[in-house]
Amino acid sequence: MATAPGPAAGPLATVAPPRTGRFSGPNGRETATGILFVAPWIIGFVAFSALPMLASLVLSFTDFDPRQADEIRFVGAENYARMLSDPTLIKASAVTLRFALIVVPLSLAFALAVALMVNSTLLAGRNVFRTLFYLPLQIPIVASTVVWIGVLNVSNGWLNLGLGAIGLPAVDWLNSTFWVHPALAIMGLWGIGNMMLIFLAGLQSVPTELYDAARVDGAGVWARFRHVTLPMISPVLFYNLIIVLIATFQYFTQAYVITNGRGDPGGETLFFNLNLFREAFQFYNMGYASALAWVLFVVVLGLTAILFRTAGSWVYQGSGER
Amino acid sequence: MVLILAACGSPGISPEASTSASQAASSASASAGEVAEIEWYVGLGTGTNPEQIPVQEAEVDAFNADHPNIHLTLTVVDSEQAEQDLATRMPTNPPDIIGPIGIRGLQGFGDNLLDLTDQIDAAGVDRGSIEDALWDVYQLDGKQIGIPMAVYPSFIYYNKSLFDEAGLAYPPHEVGEQYEGQDWTWETVRDLAMQLTVDANGNDATSADFNPASIEVWGLDAQFTNNDPRAWSTIFGGSGSIVADDGTTAQWPDNWRTGLQYFYDGMWTDHFIPTKAELDAIEPGGNSFQTGRIAMDVVHQWYTCCVRPAEGDPPVTDWDIAVLPTGPDGTITSKLHADTVGILDTTENPEAAFEVLNWIRQNPALLQAWGALPAITDQRGDFFAGLDETFAPLEIDWEVSTQMLEYPDVPSHEAFMPNFNEANAANGEFGSRLWTTPDIDLDAEIDAHLERLQGIFDEAS
């Protein structure tokens, strides 16, 4: 490295190296290459996520019908204020919350139960079962929903044929305001493959010595599950909880396919997201729909933040801490 | 992305100014001998069936070969998505021509369509070749937004084999004709339909042993009506309007209450009309007549698209059509569908677009492919001859269709409502409730629905 004494420099002072470009030199070139490789994602994110989000934020303060685009007008916070007195939105929000209360615990419990089953050494052909439970995820959701419409048919659906075989009356799953949420929840169980896999990974990472120690202490199956398994897999339980909660608030496709977007029966499948879709693409209230999208975003963000705040008290953080 | 496209639109230019400018541009380009680009958008009505698309493509190719000054492109969008797709294209790259589009579709895009009055006159279109009433269908706010192109009266398709099996006479083909000594009314149809409705044990719906939980054949349906209580009320109750004369008040005329009650009782009390769950069980796509398990079906002329005997062993081998009966108001009502083609007021080439429109509306190959009874009266003979060829050796009595054209629903069951799309969605939810829910007090339900509709109507103002 070149050195030169300067007028005010001490004997150990060195001249700063010549400035180089941010992307020159070995590290810089590495950075440039890295950016080049991620550029497609960045461009995609900006074009297809960031800019549309920004546009929808702007639109949420307007009255905008794409069929009369030249009549767009700024309405301030009117769209947000309208939500407070929109009976359809209030109903859609209530429907979504009620459904979440059923489907979130049910899908978590079912996915965990399946994961425990396919992790058990007592189960012959575990890998086959793991594959079978994951397979439904490979079927497009619209196709599987159409199949489920048949399975849930009141007259000749497999579910009712099964109920009939054990002497139970037929249930009009998709046309009953009482049964439609359980029906959708059952449909949801069909797609728990991802959650099951994550639970399975969590279960396999629990140190076996903990179970050995618990057995030595006289813990039974339930005690080992309650005091060893659950705390040790609480991070994946937390992760799955967040994911299923977000998915439930964004619930749309199955409800749309089953009712052609009407929210039948009696508005019981008019979920928040379906209502948003109707406002945007059936009623063409793009401004109001954009406001709904942002409110949904904020609500889900808030719920996620609350869960993170509570995580310290029930999620195992490692090093013996919770 | 849709929202970005929308945000990047060009607000501030009025449609009129835009159209004037584009007309001037068109004239200029015409004089320069340039080729006008015209996009024809199909999906808002018929024209999306797999067998229709190649016919449309071939006709477009033929048009381009004959018209060097116009380059016509065809865009076909699935009818489930077409309305949303078109609406989101409007701010940035709208097509030039849309259609075939029905009366309901016009309610969504009527404001965006060009007034064709001057072009119709300039082109010398023979107004007398089409019934006056059909021209009125396409009058919107003083604009003539379309030329009547295709009409689809409704009538009864009936499965002759099921009548033969039950040992019953076929329904009347002539207006005024009696059925087995009875006036041909909806009450007569009820009696007939109950005799045709059969359970798994072979008991018909008039029998004390009839089991409604195991119905094999239903006497009557009005398929593809898609949860529309206005349509059901019109079929079984006659013409009416959901909007009072003041244009703002929601109403449900008495004859519509009677008609809807007939439909509801037909499903839930007398069991001769299938419920939604029953239909889902036999044909989730809704084409119930083709299952061979529906004896009579009130559908439109366009259903000739989908009753062609299939290859192999079709479930319906022998069918014909019958006239509709007299309704509770003492008149016959044949719920009418009609299609036209419109030009969006954003087109840059309105003259070329009209040339295309005028070609489409008179094109026999297209009308035949769409199962469209031509609005031009002189073309109807050829149309029915084409159908005879299609359905040979069956001999369908098309005279029934011609007779039913004289009894259209006025106003249309698809006519304007304030805040149309929201009101239409509310109607759909109401219809769905009737279709899926037994033991309801229909009058109370109608009143509650009217209250909701009034709120939706009021929002429009």
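The model is a predicted one, in which local features need pLDDT of at least 70, side-chain atom pairs count only at pLDDT 80 or more, and totals for chains, interfaces and linings use all residues. Residues are numbered from 1 along each chain as its sequence is written, chains are lettered from A and ligands numbered from 1 in the order in which they are written, and side-chain values use heavy atoms, with hydrogens and water left out.

**Chain B and its domains**

Let us begin with chain B. Its domain 1 covers 2–152 + 337–375, and its domain 2 covers 154–335 + 409–460; these bounds come from an automatic or database domain assignment. In the contact, domain 1 of chain B takes part with 11 residues and domain 2 of chain B with 17 residues, where contact means heavy atoms within 4.5 Å. The C-alpha centres of these two domains of chain B are 33 Å apart.

Two salt bridges are found across this interface of domain 1 and domain 2 of chain B (a side-chain nitrogen of Lys or Arg within 4 Å of a carboxyl oxygen of Asp or Glu). Arg104(B) pairs in a salt bridge with Glu414(B), with 3.4 Å between the closest N and O atoms. On the side of domain 1 of chain B that touches domain 2 of chain B, helix H5 (residues 103–109) of chain B gives the most, with 3 residues. Helices here are DSSP runs (H or I, at least four residues), numbered from the N terminus.

**Chain A and its domains**

Chain A is also assigned two domains, domain 1 (25–78) and domain 2 (81–314). Their centres, taken over C-alpha atoms, are separated by 31 Å. Between domain 1 of chain A and domain 2 of chain A the count is 0 salt bridges. Helix H1 (residues 25–59) of chain A brings the largest share of the side of domain 1 of chain A that touches domain 2 of chain A, namely 4 residues.

**The interfaces in a table**

Buried area is the accessible area (1.4 Å probe) that two parts lose on being put together, summed over both.

| Parts | Buried area | Share from carbon and sulfur atoms |
|---|---|---|
| Domain 1 and domain 2 of chain B | about 1300 Å² | 48% |
| Domain 1 and domain 2 of chain A | about 880 Å² | 63% |
| Chain B and chain A | about 2800 Å² | 56% |

**Where the chains meet**

Now for the meeting of the chains: 34 residues from chain B and 33 residues from chain A make the contact. The rule finds 1 salt bridge across this interface of chain B and chain A. Glu429(B) forms a salt bridge with Arg278(A), and their closest N and O atoms are 2.7 Å apart. H17(B) supplies the largest share of the side of chain B that touches chain A, with 7 residues.

**A helix pair in chain B**

Helix H17 (residues 420–436) of chain B also packs with helix H11 (residues 254–268) of chain B: their axes come within 9 Å and cross at roughly 35°. Axes are lines fitted to C-alpha atoms, for helices over the stretch in contact, and angles run from 0 to 180 degrees between N-to-C directions.

Notes. Helices (H or I, at least four residues) and strands (E, at least two) are DSSP runs, numbered from the N terminus.
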